[in-house]
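Hello,

I am passing this structure on to you. Please open it first, then read my notes below.

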Amino acid sequence: MEDKKEDKKRDKEEGSVKSDGSAGDPRIIAFVCNWCTYSGADLAGTSRMKYSDNVRVIKLPCSGRIDPLFIVEAFKKGAKGVLISGCHPGDCHYISGNYHSRRKYAAFRDLLGFLGVDLSRVEFSWISASEGNKWVSVINEFTAKIKSLKSSSSDIFKK
Amino acid sequence: MSRIGVFVCWCGSNIAGTVDVAKITEEAKKVPGVVTAVDYKYMCSDPGQNSLRNMIREQNLTGVVLAACSPHMHENTFRKAAVKEGLNPYFVEIANIREQVSWVHEDKERATQKAIDLMKMMVEKVKRDKPIEDVRVPLNKRALVIGGGISGIQAALDIASGGVEVLLVEKEPSIGGRMIQLDETFPTLDCSSCIMTPKMVEVNQNPNIKLYTYSEVEDVSGYIGNFKVKIRKKTKSVIEKDCTGCGECWNVCPMHKNVKSEFNMNLSERTAIYVPFPQAVPLVPVLDRSACLHFKKGGKCVKCYEACGPKCIDFDMKDEIVEETVGAIVAATGYDLMDNSIYGEYGYGKYKDVVSGLQFERLLSASGPTEGVIKRPSDGTTPQTIVFIQCVGSRDPEKGVPYCSKVCCMYTAKHAKLFAHKVHGSQSYVFYIDIRATSKGYEEFVRGVMEQDGAIYLRGRVSKIYEDGGKLIVKGADTLSGNQVEIAADMVVLATGVIPKNGAGKVAQMLGISYDKYGFFTESHPKLRPAESSTAGIFLAGMAQGPRDIPESVVSGSAAASKILGLFSKNEYEVEGTIASVNEATCVACFYCQRVCGFNAIGPKEIKDRSGKIIKVVANVNPGLCTGCGACVNACFSKSIDVKGFTDDQIYAEIRSLAI
């Protein structure tokens with residue numbers, strides 16, 4: 001209970017602070033798996049590569065853990081773009097988790113489109129632990145794409 | 001009520017140089033539930049850890065967030081520190097503000113804002129953490145080794161010498177694998193059978209090793225510490241315990257011209273009842289029913305039965321299935337050679353004197369079809385000129401495989417050396433792309449072959465081989481001199497690429513371990529966990545993982561063995577507690593979770609009342625098998641299953657914390 005109250009309070013507060021979430025400075029949320037993409041993003045760091053700072057990473061054990069409703073929740077909370085990323089097919093630490101993720105995404109994407117979400121705001125990409133450079137280019141390209149879109153097209157879930 | 005402490009690490013200037021650590025600390029103090037926030041130069045140092053521990057103790061913290069380097073770096077360090085103060089290790093969360101903030105962004109203000117966001121996200125996560133206990137699984141201290149080549153043998157011997165019982169399963173009638181087919185080994189020229197047979201005999205005599213030859217593992221279920229294994233003992237038609245290996249049976253077998261010897265790479269024939277080679281272990285023949293007259297002609301031929309003194313030939317014998325329980329498994333299934341015939345220009349299969357490297361080994365070997373005298377398979381004459389072609393299939397993404405088969409450079413050099421020693425005045429030519437001779441004594445060996453043994457190395461490829469007047473005309477390019485060359489050879493030896501053993505993919509699927517696109521088993525970590533598969537309790541050894549030479553195969557066998565002995569040094573195995581758990585009150589037993597689980601970790605559980613009547617059936621997670629991937633969570637319609645440490649509640653809280 002207490003937590004929920006806090007959340008509500010914070011939601012209000014945060015509406016007024018910093019990151020304006022406008023078209024020029026969009027919030028991007030990335031759901032990534034622990035083993036490949038998170039490590040790939042770490043590699044970009046240890047290699048001192050530079051990339052757009054709009055992204056916020058949420059780490060999950062596996063891309064198979066990514067519930068489609070996480071994506072909806074992210075949009076509801078003002079994200080302008082959502083990235084889903086895990087191990088390449090065949091490389092999943094959990095053998096088949098990324099296949100579940102891919103299949104779910106294929107089905108859910110259509111539904112998102114039906115609901116009116118601009119599908120260019122959702123990106124799905126395989127990034128391995130050795131692909132720091134791919135992480136950088138995916139983030140940069142996706143951020144540039146989101147910045148080029150009309151701001152209102154993600155407001156479908158916002159009241 | 002949560003009492004969270006936030007610790008912001010400077011990491012010297014690594015973080016503090018790009019991110020305003022004081023600001024993060026200040027912002028952290030404003031987050032509801034945070035009772036203390038500090039920043040420190042090096043949190044991972046001893047004083048840093050001590051300040052963390054003091055704070056947990058003095059402030060009675062219920063959770064800790066470290067804004068520091070990647071959790072892959074120091075999560076364990078900080079968890080251990082927290083445990084020392086009585087905090088559950090899973091109440092420590094890391095906001096990665098180094099690898100994913102300070103090292104990748106330049107704008108200090110924006111980087112600081114991102115770091116604050118990540119810190120807040122982790123505070124929300126840690127607030128919702130629940131204590132997680134690591135799971136303890138009892139261990140059956142027996143091991144199974146699949147594959148009786150050198151790496152499997154080494155693994156079995158090492159495990160057995162640790163006092164642990166080992167089952168060694170080999171598909172062929174004898175152990176020994178590929179190594180026993182080799183003649184001499186590079187770079188020392190030890191005779192392969194001289195160093196291999198003592199090991200094979202040792203396996204047979206070791207009281208801790210139970211040997212299953214001519215057998216295959218058919219089914220594996222269970223999990224680390226408790227694998228249930230089904231082994232099919234293919235019928236040998238010979239009563240093993242009575243057989244003396246005297247050889248009367250194969251001496252009288254009339255089918256001695258009809259079956260190609262697999263051991264001699266089809267260069268000679270064998271009988272229907274046979275041992276693959278004289279030093280076979282166990283020295284017990286098997287009856288190949290597909291070639292035996294008794295089975296082909298309705299029981300007429302009984303010559304071997306009549307010749308057998310101890311009367312141990314049993315035509316009615318059937319396959320037998322043995323069930324065993326083991327705690328750990330080594331997969332050492334070995335390798336095969338690529339099919340040479342995809343290179344039509346080399347004429348393999350068309351010209352008898354174009355042979356593979358392994359066939360040439362058999363021609364060199366004293367136990368081979370020519371008793372160690374090099375003879376042309378076509379007419380039995382001694383070749384004077386041999387052309388060796390390297391990288392046949394290897395490093396050829398178009399037709400073969402892109403990887404390097406690693407052993408070919410060295411065995412080709414060895415072949416050229418042995419040829420020079422056995423046929424005086426002979427000449428060998430080697431077509432190569434690069435020479436890869438990187439281990440101890442290897443480079444010197446290849447040099448010696450060029451300089452002392454007079455082998456001519458030509459950098460380039462062969463474009464065509466054709467027969468002309470009993471000679472093989474080899475046309476190729478010498479790219480160093482820029483000339484076309486044409487060599488009239490008596491024989492051609494192809495250094496064929498190495499591929500995983502036929503059927504290795506099936507074994508991997510049965511064991512639930514992952515393999516790469518070529519079919520080689522993949523390691524849990526390519527550098528730091530090279531002996532472990534992706535599945536707990538299953539270890540890897542030998543060429544099944546990829547091309548490697550004998551010393552490396554031996555090392556990998558020993559590595560797998562030492563991992564198993566380490567595992568078995570305790571009575572229980574501890575599994576990370578971040579696994580799925582079922583809410584039995586709401587589970588409706590639809591078992592969608594079971595269908596998506598890649599680890600067979602979910603099964604039904606009956607809930608009974610006091611009288612023993614079944615009230616309901618629910619899904620149940622086997623902690624020994626569950627890896628905590630979370631695929632089941634999304635499959636559950638009634639939201640009755642969740643992964644500890646990554647619950648829906650936590651992830652939604654993380655997303656909400658990022659609200660704009």
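**The interface between the chains**

The contact takes in 57 residues of chain A and 52 residues of chain B, where contact means heavy atoms within 4.5 Å. This is a predicted model, in which local features need pLDDT of at least 70 and side-chain atom pairs count only at pLDDT 80 or more, while totals for chains, interfaces and linings use all residues. Residues are numbered from 1 along each chain as its sequence is written, chains are lettered from A and ligands numbered from 1 in the order in which they are written, and side-chain values use heavy atoms, with hydrogens and water left out.

About 5,100 Å² is buried between chain A and chain B. Carbon and sulfur atoms give 53% of that area. (Buried area is the accessible area, with a 1.4 Å probe, that two parts lose on being put together, summed over both.) The rule finds seven salt bridges across this interface. A salt bridge is a side-chain nitrogen of Lys or Arg within 4 Å of a carboxyl oxygen of Asp or Glu. Lys639(B) and Asp67(A) meet in a salt bridge, at 3.2 Å from N to O.

**Helix packing**

Helices (H or I, at least four residues) and strands (E, at least two) are DSSP runs, numbered from the N terminus. Axes are lines fitted to C-alpha atoms, for helices over the stretch in contact, and angles run from 0 to 180 degrees between N-to-C directions.

In chain A, helix H2 (residues 37-46) packs on helix H5 (residues 132-148) at about 90°, with axes 7 Å apart. H2(A) and H5(A) are therefore roughly perpendicular (65 to 115 degrees). Thr37(A), Gly40(A), Ala41(A), Leu43(A) and Ala44(A) of H2(A) meet Gly132(A), Trp135(A) and Val136(A) of H5(A).

In chain B, helix H6 (residues 108-127) and helix H19 (residues 648-657) pack at about 150°, with axes 8 Å apart. That makes H6(B) roughly antiparallel to H19(B) (over 145 degrees). Residues of H6(B) in this contact include Lys120(B) and Glu124(B), and those of H19(B) include Gln650(B) and Glu654(B).

**Backbone points in chain B**

Most residues other than glycine have a negative phi, and most peptide bonds are trans.

- Phe186(B) and Pro187(B) are joined by a cis peptide bond, with omega about -10°. Pro187(B) lies in the loop between strands S8 (184-185) and S9 (190-191).
- Val281(B) and Pro282(B) are also joined by a cis peptide bond, with omega about 0°.
- Tyr214(B) is not a glycine, yet has a positive phi of about 55°. Tyr214(B) sits in the loop between strands S10 (209-212) and S11 (215-223).

Best wishes

Methods: Angles under 35 degrees count as roughly parallel, over 145 as roughly antiparallel, 65 to 115 as roughly perpendicular and the rest as oblique.
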